[in-house]
Amino acid sequence: IFRLDSEGAGHTVLRQFSGADGAYPHSGLIAAGEMLYGTASSGGLGHGVVFRLRNDGADYTVLKQFAGSDGSWPSDKLVLSGGTLYGTTRYGGAFAGGTAFKLNTDGAGFSVLRHFKADDGGVDPWGNLVLCGGTLYGTLEEQGTSGFGAIFKMNTDGGDYTVLKTLNGVSE
């Protein structure tokens with residue numbers, strides 16, 4: 001993780017990952033005050049991590065290590081609302097189709113909101129979640145019947161999961 005000013009000067013490395021503390025942090029960071037939050041798609045227990053650090057690089061903390069059964073390969077940007085982070089894992093979970101999760105910014109309160117399943121709307125969440133009010137919107141790369149993906153919504157507690165649109169790969 002690095003910092004660079006808008007003119008391209010002042011390049012500073014804030015964090016180099018060792019693997020045990022995360023690897024492949026390609027999702028981008030979100031900022032809240034002096035804290036930065038992000039995911040690394042590998043490392044930790046081998047299935048990726050959620051982390052935080054100060055914007056000066058200090059106080060790096062792994063907030064969550066995924067174990068596979070609760071998700072694997074968190075690769076999209078987190079969403080922050082109040083003191084809660086929301087995100088997805090591309091793989092893992094009860095049906096190996098990925099998960100949607102929430103986690104407090106202090107690392108407490110982790111829960112899986114959704115275990116994605118092929119015959120229940122689709123699998124492999126891909127792309128950042130969007131939060132509007134109390135509803136999360138996202139996309140799935142593969143959908144059970146068409147194979148071309150889907151757009152879904154669910155409440156921030158995981159309830160009211162609905163596939164809004166199944167993509168057909170022709171004009172969408």
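In this predicted model, ring pairs join Phe-17, Phe-51 and Tyr-60 into a cluster. A pair of aromatic rings is described by the distance of the centres and the angle of the planes. The count of aromatic pairs comes to 11. One of them is formed by Phe-17 and Tyr-60, whose centres are 5.8 Å apart and whose planes meet at 80°; because angles over 60 count as edge-to-face, the pair is of that kind. The two residues come from distant parts of the chain, 43 residues apart: Phe-17 belongs to the loop between strands E2 and E3, and Tyr-60 to the loop between strands E5 and E6. Phe-17 has a relative accessibility of 21% and is therefore partly exposed, whereas Tyr-60, at 15%, is buried.

A further edge-to-face pair consists of Phe-116 and Tyr-161, with 6.1 Å from centre to centre and 65° between the planes. Here too distant parts of the chain are linked: Phe-116 is in the loop between strands E10 and E11, Tyr-161 in the loop between E14 and E15, and 45 residues separate them. Both Phe-116 and Tyr-161 are buried.

The charged end of Lys-64 sits over the ring of Phe-66, 5.6 Å from its centre. Lys-64 also lies over the face of Phe-110, at 4.2 Å from the ring centre.

Finally, consider a glycine. Gly-147 is located in the loop between strands E13 and E14, and its relative accessible area of 39% makes it partly exposed. Beyond its neighbours within four places in sequence, Gly-147 is in contact with Glu-141 and Glu-142.

Methods: Residues numbered from 1 in each chain as written. Predicted model: local features only at pLDDT ≥ 70, side-chain atom pairs only at ≥ 80, totals over all residues. Heavy atoms only, no water. Helix = DSSP H or I, 4+ residues; strand = E, 2+ residues; numbered from the N terminus. Buried < 20%, exposed > 50% of the residue type's maximum accessible area, 1.4 Å probe, protein only. Contact = heavy atoms within 4.5 Å. Phe/Tyr/Trp six-rings, centres within 6.5 Å; stacked < 30°, edge-to-face > 60°. Lys NZ or Arg CZ within 6 Å of the ring centre and 35° of its normal.
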